[in-house]
Amino acid sequence: MDIAQQVPQHPRVRDVLADQCQRLFFEYLESFDDNEKKTMIDELCQPQRSTVLINYRHLSNFNDRLARVIQDEYYRLLPALSRGLKQFFREHLPKIEMEAEKLERFKRTVLSDKELYVAFSDVQMRYKLRNLNTSKMGMLIRTTGQVIRTYPVHPELISATFICSDCQMVCPDVEQQFRFTQPLMCRNPVCNNRVHFALDLTRSRFVDFQKVRIQESQSELPHGNIPRCLDIIMRNECVEQAKPGDRCDFIGTLIVLPDVSQLSMPGVRSESAQRSHGSDDKGYNAEGVRGLKALGVRDLTYHLAFLACHITPAEQTNVDTLLSSDSKKKRIETMMSDKNLFANIRTSLFPTIYGNDEIKSGILLMLFGGVPKRTMEKTTLRGDINICIVGDPSTAKSQFLKQVSEFSPRAVYTSGKASTAAGLTAAVVKDEESSEFVIEAGALMLADNGICCIDEFDKMDPKDQVAIHEAMEQQTISITKAGIKATLNARTSILAAANPIAGRYDKSRSLRHNVNMSAPIMSRFDLFFIVIDECNDVTDYNIAERIIDLHTSGTRCSVPSLVTVYTFNEIRDYITYAKAAVQPKLTPAAKEHIITLYKQLRLRETSSASNGRVSSSSTPITVRQLESLIRLSEAIAKMYCQEDIDIQHVQEGYRLLSKAIIHVDQPDIDLNEYNRPTNTATAPVAEEAMEEDIQETTTKDDTKISLDEYKRLTNMMVYQLRRMDEEQEAESQANGTNIVMPGVKRRILINWVLEQLADEINSLDELARKKATLDKIIDRLVHVDEILIQLDKRTVSQFGMTTEAKDGTNAEEEDEDEDPEGNNLYLIVHPNYVADDQ
Amino acid sequence: MPFIEDWITHPMTIINRLHEKSPDTFENDVRNYFQTNIDNPTFYKEIPSLNDRDDEHPLPSGCLVRYRAMIQDMADDEIYCTNYKVRSNDYQQTEIEKSAKYTDLFVCPPGYSVVEQEPPREKFSSRQCFLCIPVPNETQWVKDAYRHYFGEEFTMHKRSIDNHDNIQELLSPMKRLKTTTETNNDNSDTTAKAESVKPIAKSGYIVKVYDTTEEILLNTMVEFIGIYYDHGVVKADNIPTNDEMDQEQMPPIKTIHCIQYKKLAHINPLLHHQPTIELDQISISRQYILSLFESIFPNDKLLCEYLLLHLISRTYVRQPSSAYGKLSLNLSHISTEQFNSLEQLLQTILSLHSSLSITISKLNAMQLMPNKNVTKEDDNENQLMQTPLQLPFNSHLLIDETKMECGQLTTLGLNNIKLLQELLRQQTLKYEFHIYQLDYECDIRCLVISSTKSILPCDVYVRYESEQEINQITFPHFTKEQIDHIRRYLTYISQQLELDQTINDTSSDINTYIQEDFVNMRKQKLLTNLDDFHLLLVLARLETLSHGENILTQTHWNQAKSLEFTRRQRMNI
């Protein structure tokens, strides 16, 4: 009864290419095995699904030509592909063995009602957002961007059914392309209606539609340009997959939309206002400059948009893509076989920083990282290596940090001075618009799976330092605030830089006294590096050369001396590859070796503690250091791309660990430097002769002693002085007298020490030398370190201990005047002094 | 050759004619045609300049213009349809193909209508869109000089009077220099004058550039020559109630379709005619400048020397966390009178100069970080907000910190301080894009005037020392030529810096000498900090250049050293 069917219609132009592709695509679908077909059908049975996802690479393996044609003419072929899909189901459904009821349902719900679509995944043609131009139009491509705005989902009319208002004739299936299109005229040949149509909602077809706006991601942005934006149009299943802030990969094609409201780009605020003015009286509606049509002009701008068929979260450069590129693969292989790999990467990574090889090694290993593990109890052991650099100002600390944050794909650089715990970890904030509480990511979370560089770590408030304890060891951040309770991942390595407390590193003190950090935080760093600004002809000369080179290079071109073996990109690729491809395990031999090394460390630690000696290690050796050692060994094995951790790897790790954390480079102490100037001048002749003798004969060994020795002797003396003090006090209390004589005579002290050292002294000569050394040490302790306090008789007398109580002292008082050595002066320990490392 | 008025007032007619003649070679033809005309200096002068146009006297839409501007923002590329067809409405239905290049609208001759077609994809092309504003910190004399040298006879309105004014304005700073006895009166006079200068259209133009081969970066200065369109006119026709509209509304952004552009490394008009200066001229100019400085800062040669080096400094090496070559200067303990004269002097001799006064309340209220809120719903809001810190390369910025007081900084204030610190330290400026922040390189010479040492990190800090109070500043008498020499000198020398290879060219003798010197200074503990060494190298380089030489010698190195050590002695560092 449809009159219109009898009306002769124009023969439709057939798209031959499309028909061919439809047939080839049909063949491709036939090549699927039964299981795959079944899963396809199962999926399409679900009410919301109407898209079949095709793996593009799989397709190109089946028929390369078809794949290439689809790539080039995607937009044109899209309808043909959908038709091919439907045709496939229609013809193949009976052949597939399935329950009859299910088939029936599929036929009913899918084939008759649903519009089916084809989407592609795994497309290799990737373009930067900036390079998307008209030449790419209609091609199947992939692009990446950061979603900045999403619009609400709404239904889009894709094929409409109209009813002519004049004759009630039905015009079915009017295709809609991005704008509302009415039939040109009524299909009833006798009806002249061209304008008045009503949309029949029930017989029209809609799909979900959503627009999102993406912005060029930071890494793709060329230097000195403003990031660009692009609108993405998504339909069906793709809807609601991208959230603002996500980095996503979009597969689809570029299309051009005529854009009516675009004349005023960007930023004519007045236009909307003008429109509203115009609209009431002249029928000049809000369609941009349509009014211009009357003047014989038409707006010329078009709008570029991206029609996406498939969305995936943006992948970092993963191993597959790396290996798929032959040149990169080859490069990685050559790097793997490089004998001098460690040193080469190290120098390539920090071309502008002179020396400091240990730090470079440490940072390099941090980039590789260890292997994270899970214990039986489901707690995780971190694989990330944390590093702290402590050092004098202007020793390239910040430069290390900056360089790492530039190099590493996921790195965040912050300064401890300006960040609070909330800024570093995560904060609950009230959203301005919705007034809901939301979690705002801090630097540590932003660097998840990357590196967080924190400069001026020591300037952070101690309270804030505490807040990152959890992040550093457990690698999570827990938030309990304002009704939100969440545990968030913060799997980052931390690279921190700190200044010593006094501005300069005091080598005579231990690390802990040099850095303003709590012990728990310190133990969480695997490696501590100390950079000391020392005056040294050779290094200075080299540094000067480096700097002059830098200034010479003049206009921004690369510095010739900075040509490196590998480029940043190569190293980056290599690291990505090594991280993903290798998960090294300990060999039994290496295990043994680690155990012995750890035992050694512990033994040294405990023995030095029991000896009353100050251990020179900067942190106490605990299980954490054992873990560090394992992590470092793992990282080294990873760097060489080896699955097994050998003894060599452990040894290298141990070397680094001992360089960094156990042994703090402590210099010898030059005792002469601090000698009392009056010492030799007024000394009695005999003594002077002796002293001169010593000074002539002794080598540097005597005037310079190692810091270890110095500390050992100091502690010995302090200990003895304290003990004697206590004894005296006890004695005086026992005697019932209140007069306490503070201090010990210098001579007595020296003698006591010499007694203690008796077994180390073999000859008289040595004894004399030792005595001289001790003298100097005491001088230094009194005058420089101010650990001991020297009291002469007048000060002593103020304590009221003077005369009668002890006659001996009286007698000796006369001697003292002729005793410039100060042998009879009394020494006490400075009350504020706390012995190191008890 | 068509009549002169023709190609300036109706360039589109020429373009269309060229297109009709040979559509294939049309693009080259257009370029060549305009190139020959523009290259002719007398013709060039005829092209009206948008820079000295105010809103009251708009140019007619569709004419050729010159526009000296800074790229303030970049929009997405625009897709346009390269060709379109019009069909006559009579029964013959003759079709004419027209080019859509250099225009925003399809234009139909009367009796024709545009053929509606889905253009096949080959016919699309894209053009780059820049939002440009007049160079924000161009000093008045530069504007005047441009008007003077490339003055326009082609005008809609009484140019003659303006011309007269211009010369007066150009000379006004000079007048000030001569008549220094009545400083105070004159001072207020000039400021009043400055305010009375007609507000030149502040709003920017969208410049659409075709076929760019080289990259145009943000904040570069460019001179565009193109066709000017004012589509606001079309709209105004439709809206009778135009007058009722809010005055605060932004005027519609007008477009320029660029035919030719030229990147400008500097905007000093004096160097356009004479690109180089002779050596003897350089040393004379150097003396002139120092004598000018010394009249403001009597008895302080050190400060003047530093000030000169500061004015010609320029970043030449960038590292991830630092920039070398810059020489930011901090002056303190100078009187208000000195400050005012200094500012005035800088305005007279520099081509790009602006000043920024920072106080607690200002820091807390003002957003210094340029930002583009991409997340805003309204597309029209979506443009980069310009701030006083978004300046072209080689600008000079005077930061006035003298009015700083104690107070609490808000988050905004703190961010502003951080921004300034980064600017001074690394010569980069952060731009906010709301999903992320981006660092942009910039090159702004910062002179910080403070009452004591500044809170901002400057490379060099000099305290002014003098015995007597300075109340009156007497500038030496200079003719206009002499001032012009100074202006040329400053621009020329700082341009040299980029080309120059002072240390590079020299034999390694001087390098070894410096290296040994460095080691020695380290030994004597004269040099504890590597940054000090960088500073010395920069000073030596600037010292060399300021004398117009381009090879670093021991003399200059020692000069730089003595300069720096004298300063340190004064500062007790």
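Author: Let's start with S15(A), which runs alongside strand S23 (residues 527–531) of chain A: the two pair in the parallel sense, with five bridges between them. (Strands, E, of at least two residues, and helices, H or I, of at least four, are DSSP runs numbered from the N terminus; two strands pair if DSSP finds at least two bridges between them.) Keep in mind that this is a predicted model, where local features need pLDDT of at least 70 and side-chain atom pairs count only at pLDDT 80 or more, while totals for chains, interfaces and linings use all residues. Residues count from 1 along each chain as its sequence is written, chains are lettered from A and ligands numbered from 1 in the order written, and side-chain values use heavy atoms, with hydrogens and water left out.

Back to the strand. Within S23(A), Phe528(A) is the bridge partner of Cys388(A), and Ile530(A) is the bridge partner of Val390(A). S15(A) also has strand S22 (residues 493–498) of chain A as a partner, again in the parallel sense, over four bridges. There, Ala496(A) in S22(A) is what stands opposite Cys388(A).

Zoom out a bit and you get an open sheet of five strands in chain A, ordered S16-S19-S22-S15-S23 and paired in parallel. At its edges are strand S16 (411–415) and S23 of chain A, each of which pairs on one side only. From one strand to the next, the twist averages 15° (axes are lines fitted to C-alpha atoms, for helices over the stretch in contact, and angles run from 0 to 180 degrees between N-to-C directions).

So how enclosed is S15(A)? Five of the five residues in this strand (residues 387–391) of chain A are buried, so the rest of the structure largely encloses it. (Buried means under 20% relative accessible area, exposed over 50%, and partly exposed in between, using a 1.4 Å probe and protein chains only.) Ile387(A), Ile389(A) and Gly391(A) point one way from S15(A), Cys388(A) and Val390(A) point the other, and all of them are buried. Cys388(A) comes out at 0% relative accessibility. Cys304(B) has a value of 0% as well, so that residue is buried too. As for disulfides (cysteine sulfur atoms within 2.5 Å of each other), the count over all chains is zero.

Now the salt bridges, meaning a side-chain nitrogen of Lys or Arg within 4 Å of a carboxyl oxygen of Asp or Glu. The whole structure has 22 of them over all chains. In one, the side chains of Arg570(B) and Asp300(B) meet at 2.8 Å, N to O. Arg570(B) belongs to helix H19 (residues 554–571) of chain B and Asp300(B) to the loop between helix H10 (279–296) and helix H11 (301–312) of chain B, so the pair ties together parts 270 residues apart in sequence. Both ends are tucked away: Arg570(B) is buried at 17% relative accessible area, and Asp300(B) is buried at 1%.

H19 of chain B has another one to look at. Glu564(B) makes a salt bridge to Arg567(B), with the closest N and O atoms 2.8 Å apart. These two sit in the helix three residues apart, about one turn, and both Glu564(B) and Arg567(B) are buried. Through shared partners, salt bridges join Asp532(B), Glu564(B), Arg567(B) and Arg568(B) into one network. Elsewhere in chain B, Asp400(B) and Lys403(B) form a salt bridge with closest N and O atoms 3.0 Å apart, and Asp400(B) is buried, with a relative accessible area of 5%.

Last, the rings. Rings of Phe, Tyr and Trp (its six-membered ring) pair if their centres lie within 6.5 Å, and planes under 30 degrees apart are stacked, over 60 edge-to-face and the rest tilted. That rule gives 16 aromatic pairs over all chains. Take Tyr205(B) and Tyr228(B): their ring centres are 6.0 Å apart and their planes at 65°, so this pair is edge-to-face. Tyr205(B) is in strand S8 (residues 205–209) of chain B and Tyr228(B) in strand S9 (residues 221–229) of chain B, 23 residues apart, so the pair links distant parts of the chain. Tyr205(B) is buried at 6% relative accessibility, and Tyr228(B) at 2%. Over in chain A, ring pairs connect Phe25(A), Tyr28(A), Phe32(A) and Phe62(A) into a cluster.

Charges get in on this too, sitting over a ring when NZ of Lys or CZ of Arg is within 6 Å of the ring centre and within 35 degrees of the ring normal. Arg68(B) has its charged end over the ring of Tyr146(B), 3.7 Å from the centre, and Arg487(B) has its own over the ring of Trp141(B), at 3.9 Å.
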